[in-house]
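Let's take a walk through this one together, a stop at a time. Have the viewer open and follow along.

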Amino acid sequence: MDLWTVVRALFIILVVVAAFAPVITWVERKQSAVMQDRIGANRADIGGITVLGLLHPLADVLKLITKEDFVPAGANRFLHALAPIIAAIPAIIGFAVIPYGATYQFPGHEPFTLVGADLDWGLLYIFAIGSLATYGSVLAGWASNSNWGMLGSLRASAQMISYEVTMGLSVVGVFMVYQTLELTDMAVAQDSTFHLFGFLETFGLVKTLPGWLSFAQLPFWGVFVQPLAFVMFLTCIMAENKRPPFDAPEGESEIVAGYFMEYSGMRFGLFYMSEFIEIVVIAGLLTALFFGGWSIPYLSKDELIAGMTPVMGVGLATALTMVAHVATFLLKVVIMIWLQMQIRWTLPRFRYDQIMDLCWKIILPLSLVNIFVTGAVILLVKGAP
Amino acid sequence: MSFAAGLFYVMAALAVVTALGMVLNLRNTVAGAMCLVVTMISLAVIYVVLDAHFVAVLQIMVYAGAILVLFLFVVMLLNLRSDAFTPSRATAPKVVGAAVGVAVLAAFLAKLPDALPKVAEIPADFGSYRQVGLALYRDYVVPFEVASFLLLAAVVGAVVLAKRRLS
């Protein structure tokens, strides 16, 4: 393991886990306050300085660490202690395959890619890790020897298993369009544009696209070529995260807090934090799959480097492009986080049977239709392989 | 011994130990199921060591992530505790079971020396999802379709059993 690997891993841990996730707890409070016409968190202070309530995450952690770590009577102590760790680890390591920059080549150096681990089955890694996350919530409820916890666990296992199936199927169309499972390749493929009316030319309706129509270009992003897949994937992955409106396993208004009801102190904090870390991972995944990853719309990486090179030389141009790409990626991640917050505070909760109906009766057939239509269109446009 | 070989032995030992843990653990069914999860994950690591990356991911997604969660779901739903599993006193099933196990193991061991293909060098894209996909949907498409029909029959059967009164 060289120094560079450590740097990339540190970037993910520092940015995703240490910087984004705690701030999101503050964003969540402020967002809920905006929706409910309140002011929101603004009390925690150090010597009278509150910084808009940004000290609340710090106060939360201090409180959680100093609280009593309670284990209920009759609980399985080993699994009770293990469950929060099993819940948190998949959330933290999920970001490893999400690219936060392109492949850059500085003169005189080896080319490198800004991603934790460049696997050729990148997206499957996320699905595999996500499927292991189920154990955290399932074991938590069972190990704490509590009826509410047990109900939460059963709901969590059923809901997460169901949505894993549809989540996988809903993005098959995206694999088909970009012809890869590798998230780095997908981002590269999305770093281009396509003609909105290009299908007229493909199907021979016009010989060459008239000039006024060829100006209508869109970035070749997943959200534009697979809009249905985007909506379905967003729904499925929010259901996997178990936050409202899909919070049946927690169900504060019916089963108290569900599977983590018997947890206190930092063990509860781990469940809480893993949900917030998952929000960041989901935002990164949505960005990489549907919003072009690090790519800047209408300005591809090669154009950017080539445009800046005459002014400042290849090295500086590449470095500036890299900074611009990472900044673009982080901006998109922030927007995706905001989108999830907005959905969470806008929609009322689903009933448990509605969650299951949505999964098996609506999203599953729709995703199969999406796969079929995508395959048919690809066959029409590109011809048989 | 290379790192991969060392990892293989560690994971193989872990797989055997946790498999025994599942079989011999009669007190706590959930712990037994969790032992099986660790077995599946260590098998997946062994697949990674053997360059079968796609199979390793499928191993985790399908076995560790889906089937065993359903096992846990059923075990927890029935709430099976220690008294639900008193070991059977009859000796005949045990003897037959042991005999079948030994016979299968012997047949496997007898086949083993010839069964391993002598591969001089592993192709670059060995075990990638492309290779597995091409093999599955091009070379072995008929067995694949037959297997999917079998699964369809199982699904229909499960629905019929679960919904006795089809109105």
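Before we start naming pieces: helices here are DSSP runs of at least four residues, numbered from the N terminus. Keep in mind as well that this is a predicted model.

With that numbering in hand, go to chain A and find A:Lys242, which sits in the loop between H11 and H12. Is A:Lys242 buried or exposed? A residue counts as buried if 20 or more other C-beta atoms lie within 10 Å of its own. A:Lys242 has 25 of them within 10 Å, so it is buried.

There is another residue of this kind to look at in chain A. A:Gln179 is not a glycine either, but its phi is positive, at about 55°. You'll find A:Gln179 in the loop between helix H6 (172-178) and helix H7 (183-189) of chain A. Its surroundings are another story: A:Gln179 counts as exposed because it has 11 C-beta neighbours inside 10 Å.

How do they pack? Helix H11 (residues 227-241) of chain A meets H12(A) at an angle of about 165°, and their axes are 10 Å apart. H11(A) and H12(A) are therefore roughly antiparallel to each other, and the crossing is right-handed. On the H11(A) side, the residues that meet H12(A) are A:Phe230, A:Leu234, A:Ile237 and A:Asn241. Facing them from H12(A) are A:Glu275, A:Glu278, A:Ile279, A:Ile282, A:Leu286 and A:Phe290. Sort this contact by class and you get 7 nonpolar, 1 polar and 2 charged residues.

H11(A) has a further partner in H5(A). These two pack at an angle of about 155°, with their axes 9 Å apart, so H5(A) and H11(A) are roughly antiparallel to each other as well. The crossing of H5(A) and H11(A) is left-handed. H5(A) brings A:Gln159, A:Met160, A:Tyr163, A:Thr166, A:Met167 and A:Ser170 to the contact, and among the residues from H11(A) are A:Met232, A:Phe233 and A:Ile237. By class, the contact of H5(A) with H11(A) has 9 nonpolar, 3 polar and 1 charged residues. A:Ile237 is worth a click, as it takes part in the contact with H12(A) and in the one with H5(A).

Time to step across to chain B. Its secondary structure comes to 6 helices and 0 strands. Of the 167 residues in chain B, 19% are buried. If you take the contacts in chain B between residues at least 6 apart in sequence, 60% join residues at least 24 apart.

Among the residues meeting here are B:Leu7, B:Phe8 and B:Met11 from H1(B), and B:Cys35, B:Leu36 and B:Val38 from H2(B). This contact has 16 nonpolar, 5 polar and no charged residues.

Next comes B:Ala56, found in helix H3 (residues 53-78) of chain B. B:Ala56 counts as buried because it has 23 C-beta neighbours inside 10 Å. Setting aside its neighbours within four places in sequence, B:Ala56 is in contact with B:Ala44, B:Tyr47 and B:Val48. The C-alpha atoms of B:Ala56 and B:Ala44 are 4.5 Å apart, although 12 residues separate the two along the chain.

Finally, where do the two chains meet? The contact takes 20 residues from chain A and 18 residues from chain B. On the side of chain A that touches chain B, H4(A) gives the most, with 10 residues. That side has 14 nonpolar, 4 polar and 2 charged residues.

The largest nonpolar core has 114 residues, and those with the most contacts inside it are A:Val280, B:Val37 and B:Ile60. Its largest share, 17 residues, comes from helix H12 (residues 265-290) of chain A. As for B:Val37, its contacts beyond four places in sequence are A:Tyr135, B:Ala64 and B:Leu68.

Terms used. Residues are numbered from 1 along each chain as its sequence is written. Chains are lettered from A and ligands numbered from 1 in the order in which they are written. This is a predicted model: local features need pLDDT of at least 70, side-chain atom pairs count only at pLDDT 80 or more; totals for chains, interfaces and linings use all residues. A nonpolar core is a set of buried Ala, Val, Leu, Ile, Met, Phe, Trp, Tyr and Cys residues joined through C-beta atoms within 7 Å. A residue is buried if 20 or more other C-beta atoms lie within 10 Å of its own, exposed if 12 or fewer, and partly exposed in between; C-beta atoms are placed from the backbone. Two residues are in contact if their C-beta atoms, placed from the backbone, lie within 7 Å. Ala, Val, Leu, Ile, Met, Phe, Trp, Tyr, Cys and Pro count as nonpolar, Asp, Glu, Lys and Arg as charged, and the others, Gly among them, as polar. Axes are lines fitted to C-alpha atoms, for helices over the stretch in contact, and angles run from 0 to 180 degrees between N-to-C directions. Angles under 35 degrees count as roughly parallel, over 145 as roughly antiparallel, 65 to 115 as roughly perpendicular and the rest as oblique. A crossing is left-handed if the near helix is turned anticlockwise from the far one by less than a right angle, and right-handed if clockwise.
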